[in-house]
Amino acid sequence: MEKRELTCIQCPMGCAITVEMDGGEVVNITGYTCNRGKIYAGKEVTNTTRTVTSSVRVTGSAKEDMVSVKTKTDIPKSKVFECAKALKGVTVQAPVHIGDVIVRDVAGTGVDVVATRNA
Amino acid sequence: MAEKYDIVIIGGGPAGLAAAAAAYDAGAGKILILERDRMLGGILNQCIHNGFGLHTFNEELTGPEYADRFIRKVEERKIEYKLNTMVMNMTADRTITAMNREDGMFDIEAGAVILAMGCRERPRGALNIPGYRPAGIFTAGTAQRLVNMEGFMPGREVVILGSGDIGLIMARRMTLEGAKVKVVAELMPYSGGLKRNIVQCLDDFGIPLKLSTTVVDIEGKERVEGVTLAKVDGSGKPIPGTEEHYTCDTLLLSVGLIPENDLSRQMGVEMSPVTRGPVVNESLETNLPGVFACGNVLHVHDLVDFVSEEAGIAGRNAAEYVKTGRGAGKESGIPVIAKDGVRYTVPSSIRPEFMNDRLVIRFRVGGVYRNCYISAYIGSERKIHKKCRIVAPGEMQQVILQKKDIEAAGSVENVTVCLEQE
């Protein structure tokens with residue numbers, strides 16, 4: 001039986017979660033205080049994922065030089081740098097609205113990068 | 001002739017926006033937000049990372065998205081706001097002098113004022129680091145604004161002093177943008193930031209965090225060329241022989257946030273030397289009747305969700321004050337005493353007659369404590385006794401008092417919040 005001690009990153013509470021594993025299988029999760037924490041802990045030890053946030057240049061906006069973006073859902077941690085690279089040099093044309101797709105299927109993850117600001 | 005408003009809110013960041021919406025919903029008529037930046041939303045605009053709003057909206061938002069939710073609330077309620085507007089002066093009788101390019105200098109008379117100016121970063125000048133004044137030294141928040149909103153990279157090889165959350169967030173952000181973040185040095189024996197940020201901003205990228213370590217020298221005359229770190233002893237003095245040199249072109253500072261209370265002080269608001277924010281009662285009202293405070297100007301928060309919640313309380317109480325003059329002139333309440341590891345509480349006094357059914361008391365502890373209890377006493381009776389695996393200064397704590405318990409206790413001398421071993 002293997003024990004993994006994790007700090008939950010789902011919200012700033014940072015709950016201390018313990019995951020018990022047996023041969024790569026999760027057998028018990030304790031210490032979480034919400035369902036998100038439980039799901040996070042299970043994923044963290046089997047398929048680690050992260051949400052990537054960044055900002056890209058916007059042209060034609062009276063208000064903004066940059067528009068902030070995020071991966072619509074979390075992506076495999078191993079793809080984080082590839083995703084950041086794919087966003088380099090991206091420029092979008094205003095108007096942009098929260099939720100607009102900025103890059104489709106980023107780094108082959110099947111996940112879109114969407115705007116998080118209006119510009 | 002000064003224009004009259006029921007409630008004037010100083011600052012259009014997360015606290016000001018939530019206070020405005022709550023005051024409106026509580027029936028306040030004429031509300032005005034004064035914001036010095038060119039847009040509403042405050043610091044959230046540059047906090048493009050995710051993790052906001054889980055408590056408020058039950059979803060994980062980025063800073064700009066979280067701000068947008070509250071900006072829409074303000075727009076939907078047609079609450080007035082003035083951007084690019086700097087408040088110059090406020091008086092105890094709530095006359096506000098402000099200026100902007102369109103209106104010039106003007107006065108406003110406010111039925112109630114809500115202080116929501118937020119906080120500022122402690123700059124290099126507040127630290128005793130020897131060396132020249134080369135380019136390449138930024139507060140983490142300045143770097144955050146440059147990278148996220150203006151599209152500039154402040155440097156390529158980075159050392160970060162201080163493990164505040166913005167510094168940790170910027171360690172990740174600059175790494176993803178191609179910079180090499182070599183090390184984060186923290187003077188204290190514990191991190192000033194949230195655990196989750198250590199995990200996802202440092203551990204994920206193999207960036208070392210050196211505790212009980214500080215910068216003892218900055219090299220470079222025109223531009224930063226390197227820094228020297230050294231371990232410090234229990235009193236924060238560098239230990240000779242522990243120096244380590246790092247070449248870098250950028251030093252980011254994430255060494256604490258200070259509530260921005262120049263205006264509050266000017267108008268005569270009583271300040272707490274611990275939080276550096278106003279001293280407030282259960283209604284989040286300062287010693288000046290009709291002047292309320294919320295958000296980071298009151299005490300520095302970790303979670304914007306709690307800022308919004310607190311601001312909602314200030315907004316509702318300000319609306320109540322304008323409608324009924326509630327509590328005016330009744331300044332004394334039951335003092336809330338912080339002791340045995342608890343550094344301060346907000347609020348710091350309670351007037352039971354104006355208390356809601358439940359009252360959230362927020363506080364920070366002065367050190368790292370393991371397997372302890374957070375306790376609250378009403379008079380001599382212990383009402384709250386909560387076991388904690390670990391509490392640390394970087395994470396704000398709270399206890400919730402029930403009005404019925406305070407009322408049942410009758411006339412007590414004080415309420416005490418403390419840490420106990422058992």
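Me: Helices (H or I, at least four residues) and strands (E, at least two) are DSSP runs, numbered from the N terminus. Where does Pro347(B) lie, then?

Reply: Pro347(B) is in the loop between β21 (342–346) and β22 (349–350) of chain B. This is a predicted model, where local features need pLDDT of at least 70, side-chain atom pairs count only at pLDDT 80 or more, and totals for chains, interfaces and linings use all residues. Residues are numbered from 1 along each chain as its sequence is written, while chains are lettered from A and ligands numbered from 1 in the order in which they are written.

Me: Is the bond from Val346(B) to Pro347(B) cis or trans?

Reply: The Val346(B) to Pro347(B) peptide bond is cis, with omega near 0°.

Me: And in chain A, what is the bond from Ala94(A) to Pro95(A) like, and where does Pro95(A) lie?

Reply: That bond is cis, with omega near 0°. Pro95(A) is found in the loop between β8 (91–93) and β9 (101–103) of chain A.

Me: Why flag these?

Reply: Most peptide bonds are trans, and most residues other than glycine have a negative phi.

Me: OK, phi then. What is the phi of Ser212(B)?

Reply: Ser212(B) has a positive phi of about 50°, although it is not a glycine. Ser212(B) sits in the loop between β13 (209–210) and β14 (213–219) of chain B.

Me: What about Leu284(B), where is it and what is its phi?

Reply: Leu284(B) belongs to the loop between α7 (262–267) and β19 (291–293) of chain B. Its phi is near 60°, a positive value in a residue other than glycine.

Me: Is Leu284(B) buried or exposed?

Reply: Leu284(B) counts as buried because it has 25 C-beta neighbours inside 10 Å. A residue is buried if 20 or more other C-beta atoms lie within 10 Å of its own, exposed if 12 or fewer, and partly exposed in between, with C-beta atoms placed from the backbone.

Me: And how does Ser212(B) count?

Reply: Ser212(B) has 18 C-beta neighbours inside 10 Å, so it counts as partly exposed.

Me: New topic. Where is Val391(B), and is it buried or exposed?

Reply: Val391(B) is in strand β25 (residues 381–391) of chain B. It is buried because 22 other C-beta atoms lie within 10 Å.

Me: Which residues does Val391(B) touch?

Reply: Not counting residues up to four places away in sequence, Val391(B) touches Val365(B), Tyr369(B), Cys372(B) and Gln397(B). Two residues are in contact if their C-beta atoms, placed from the backbone, lie within 7 Å.

Me: How far is Val391(B) from Val279(B)?

Reply: Their C-alpha atoms are separated by 24 Å, and the two residues are 112 residues apart along the chain.

Me: What does Ile114(B) contact?

Reply: Beyond its neighbours within four places in sequence, its contacts include Ile7(B), Ala19(B), Phe292(B) and Ala318(B).

Me: Which domains does chain B have?

Reply: The assignment, automatic or from a database, gives domain 1 (1–121 + 257–331), domain 2 (123–255) and domain 3 (332–422). The centres of domain 2 and domain 3 of chain B, taken over C-alpha atoms, are separated by 35 Å. Their contact takes 5 residues from domain 2 of chain B and 5 residues from domain 3 of chain B.

Me: And chain A?

Reply: Chain A has domain 1 (2–47) and domain 2 (53–115), with 29 Å between their centres, taken over C-alpha atoms.

Me: Last one: how many residues do the chains put in contact, and from which elements of chain B?

Reply: 23 residues of chain B contact 23 residues of chain A. On the chain B side, β3 (50–52), α3 (63–76), α4 and α6 (195–202) each supply at least two residues. The largest share of that side, 4 residues, comes from α6(B).
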